[in-house]
Amino acid sequence: MITRSPAEEYTRAQLFFDSKAYADAARILQPLVEAEPEQLAARLLLARSYYHSAQLNRAAAELRLILAQDPTESYAHLMLGRTLERQGRNDEARPHLRLAAAMTDAFA
């Protein structure tokens with residue numbers, strides 16, 4: 001069995017994600033996020049992997065956890081809004097999309 005550091009596993013997951021093997025990236029990221037839940041980069045990549053592999057409920061759950069840790073994470077608001085839109089939950093999506101737009105404009 002090959003033992004990799006968390007950083008190596010994250011890099012490996014990023015390679016799978018970049019290759020559009022989203023479900024594989026999610027499988028690599030799940031234990032990383034469980035082991036280090038405060039690492040928002042890994043959790044955000046996990047949420048993106050879920051989103052792109054059409055695991056929308058899981059994506060939304062991860063994005064809500066990110067926003068609970070960091071309510072100013074504009075990309076998480078954008079992703080949550082888009083995830084909810086894909087589920088046909090436009091009324092729930094709207095506030096997140098507006099917040100993301102407002103946050104992004106504040107930094108422009």
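Start at E73, which sits in the loop between α4 and α5. This is a predicted model. E73 is partly exposed, with a relative accessible area of 23%. Leaving aside neighbours within four places in sequence, show what E73 touches: I66 and L67. E73 and P95 are 22 residues apart in sequence, and their C-alpha atoms are 14 Å apart in space.

**Next: T72**

Stay in the loop between α4 and α5 and select T72. Is T72 buried or exposed? With 56% relative accessibility, T72 counts as exposed. Draw a distance from the C-alpha of T72 to the C-alpha of M103: the separation is 7.8 Å, for residues 31 apart along the chain.

**Next: the pair α3 and α4**

Select residues 40-52 for helix α3 and residues 56-69 for helix α4. Their axes come within 7 Å and cross at roughly 155 degrees. Angles over 145 degrees count as roughly antiparallel, so α3 is roughly antiparallel to α4. The crossing of α3 past α4 is left-handed.

Now show the side chains at this contact. On the α3 side, pick L40, R43, L44, L46, A47, Y50 and Y51. On the α4 side, pick L56, R58, A59, E62, L63, L65, I66 and Q69. Colour the residues of this contact by class and you get eleven nonpolar, one polar and three charged.

Centre on E62 in helix α4. Is E62 buried or exposed? E62 is buried, with a relative accessible area of 13%. Not counting residues up to four places away in sequence, E62 touches V33, R43, L46, A47 and Y50.

Move to L46, one of those partners. Which residues does L46 contact, leaving aside neighbours within four places in sequence? They are A26, L29, Q30, V33 and E62.

**Next: α3 against α5**

Hide the others and keep α3 and α5. Their axes come within 11 Å and cross at roughly 20 degrees. Angles under 35 degrees count as roughly parallel, and α3 and α5 are therefore roughly parallel to each other. α3 passes α5 in a left-handed crossing.

Show L44, R48 and Y51 in α3. They meet Y75, M79, R82, T83 and R86 in α5. By class, this contact of α3 with α5 has four nonpolar, one polar and three charged residues.

**Next: α3 against α1**

The axes of α1 and α3 come within 11 Å, crossing at roughly 25 degrees. The two helices are therefore roughly parallel to each other. Their crossing is left-handed.

From α1, select Y10, A13, Q14 and F17. From α3, select A41, A42, L45, R48, S49 and H52. The residues of this contact divide into six nonpolar, three polar and one charged.

Most residues other than glycine have a negative phi. Two residues here are worth a look on that count.

Select K20, in the loop between α1 and α2. K20 is not a glycine, yet its phi is positive, at about 65 degrees. K20 is exposed, with a relative accessible area of 62%.

Then go to A54, in the loop between α3 and α4. What is the phi of A54? It is positive, about 60 degrees, although A54 is not a glycine. At 52% relative accessibility, A54 counts as exposed.

Terms used. Residues numbered from 1 in each chain as written. Predicted model: local features only at pLDDT ≥ 70, side-chain atom pairs only at ≥ 80, totals over all residues. Heavy atoms only, no water. Axes fitted to C-alpha atoms, helices over the stretch in contact; angles between N-to-C directions. Helix = DSSP H or I, 4+ residues; strand = E, 2+ residues; numbered from the N terminus. Parallel < 35°, antiparallel > 145°, perpendicular 65-115°, else oblique. Left-handed = near helix turned anticlockwise from the far one by under 90°. Contact = heavy atoms within 4.5 Å. Nonpolar A, V, L, I, M, F, W, Y, C, P; charged D, E, K, R; others polar. Buried < 20%, exposed > 50% of the residue type's maximum accessible area, 1.4 Å probe, protein only.
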